[in-house]
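Let's take a walk through this fold, from the whole chain down to a handful of residues. Have the model open beside you as you read.

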Amino acid sequence: MAERRVTVGWPEGLHARPASLFVRASTATGLPVTVAKSEGEAVNARSMLAVLGLGVQGGEEIRLSAEGEGAEEALDRLAKLVTEGLQELPETV
């Protein structure tokens, strides 16, 4: 299982629009991806309700995990999206 620890770059955290972007990007990987607050319990990163339920704030550290072929590359793209607080999905996600 591949894993990344990243700091959330969106000032509002994983709420509303940023959460929607993150969920869409996670779903686009085609892999089972999970997200968790630091050492907390992981949830399905493809579920908007689960991601919103984490209550992640801007500047907090989260843990991204994925399994399967291409997991390392998928997590690299997701980590870039989250840490840079991008406002739209880049073509590479």
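Predicted model: local features only at pLDDT ≥ 70, side-chain atom pairs only at ≥ 80, totals over all residues.

Residues are numbered from 1 along each chain as its sequence is written, and side-chain values use heavy atoms, with hydrogens and water left out.

**The whole chain**

The protein chain has three helices and four strands, and along the sequence they follow the pattern β-α-β-β-α-β-α. Its radius of gyration is 11 Å, close to the 12 Å from the globule rule for 93 residues, so the chain is as compact as a globular protein of that length. That radius is taken over C-alpha atoms, and the rule is 2.2 Å times the number of residues to the power 0.38. Along the principal axes, the C-alpha trace spans about 30 × 30 × 20 Å.

How much of the chain is buried? Buried residues make up 40% of the 93, where buried means under 20% relative accessible area, exposed means over 50%, and partly exposed is in between (1.4 Å probe, protein chains only). The accessible surface comes to about 4800 Å², with 49% of that belonging to carbon and sulfur atoms; the areas come from the Shrake-Rupley method with a 1.4 Å probe, and for residues only the protein chains shown count as cover.

Contact means heavy atoms within 4.5 Å. Among contacts between residues at least 6 apart in sequence, 69% join residues at least 24 apart.

On the charge side, there are 9 positive and 14 negative side chains, and the centres of the two sets lie 4 Å apart. Lys and Arg count as positive, Asp and Glu as negative, with His and the chain ends not counted. Each charge is placed at NZ of Lys, CZ of Arg, CG of Asp or CD of Glu.

**Helix H1 and its surroundings**

H1 covers residues 16–28, which is 13 residues, and reaches 18 Å from its first C-alpha to its last, close to the 18 Å expected at 1.5 Å a residue. That expected span is 1.5 Å times one less than the number of residues. Its buried residues are Pro18, Ala19, Leu21, Phe22, Val23, Ala25 and Ser26. What do they pack against? Strand S2 (33–37), helix H2 (48–54), strand S4 (61–66) and helix H3 (71–84).

Most residues other than glycine have a negative phi. Ala16, in H1, has a positive phi near 50°. Ser38, in the loop between S2 and strand S3 (43–44), also has a positive phi, of about 20°. Gly30, which follows H1, has a positive phi near 75°.

**Residues side by side**

| Residue | Relative accessible area | Class |
|---|---|---|
| Ala16 | 53% | exposed |
| Ser38 | 30% | partly exposed |
| Gly58 | 31% | partly exposed |
| Ser65 | 5% | buried |
| Ala71 | 6% | buried |
| Asp76 | 42% | partly exposed |

**Across the fold**

Back to Ser65: leaving aside neighbours within four places in sequence, its contacts are Met1, Ala2, Glu3, Pro32, Val33, Thr34 and Leu75. Ala71 lies in helix H3 and, with residues up to four places away set aside, touches Ala2, Leu31 and Ala66.

Gly58 sits in the loop between H2 and S4. Apart from neighbours within four places in sequence, Gly58 is in contact with Val8, Trp10, Pro11, Glu12 and Gly13. Gly58 and His15 are 43 residues apart in sequence and 9.4 Å apart in space, C-alpha to C-alpha.

Asp76, in helix H3, is 26 residues from Ala50 along the chain, and their C-alpha atoms are separated by 21 Å.

Technical notes. Helix = DSSP H or I, 4+ residues; strand = E, 2+ residues; numbered from the N terminus.
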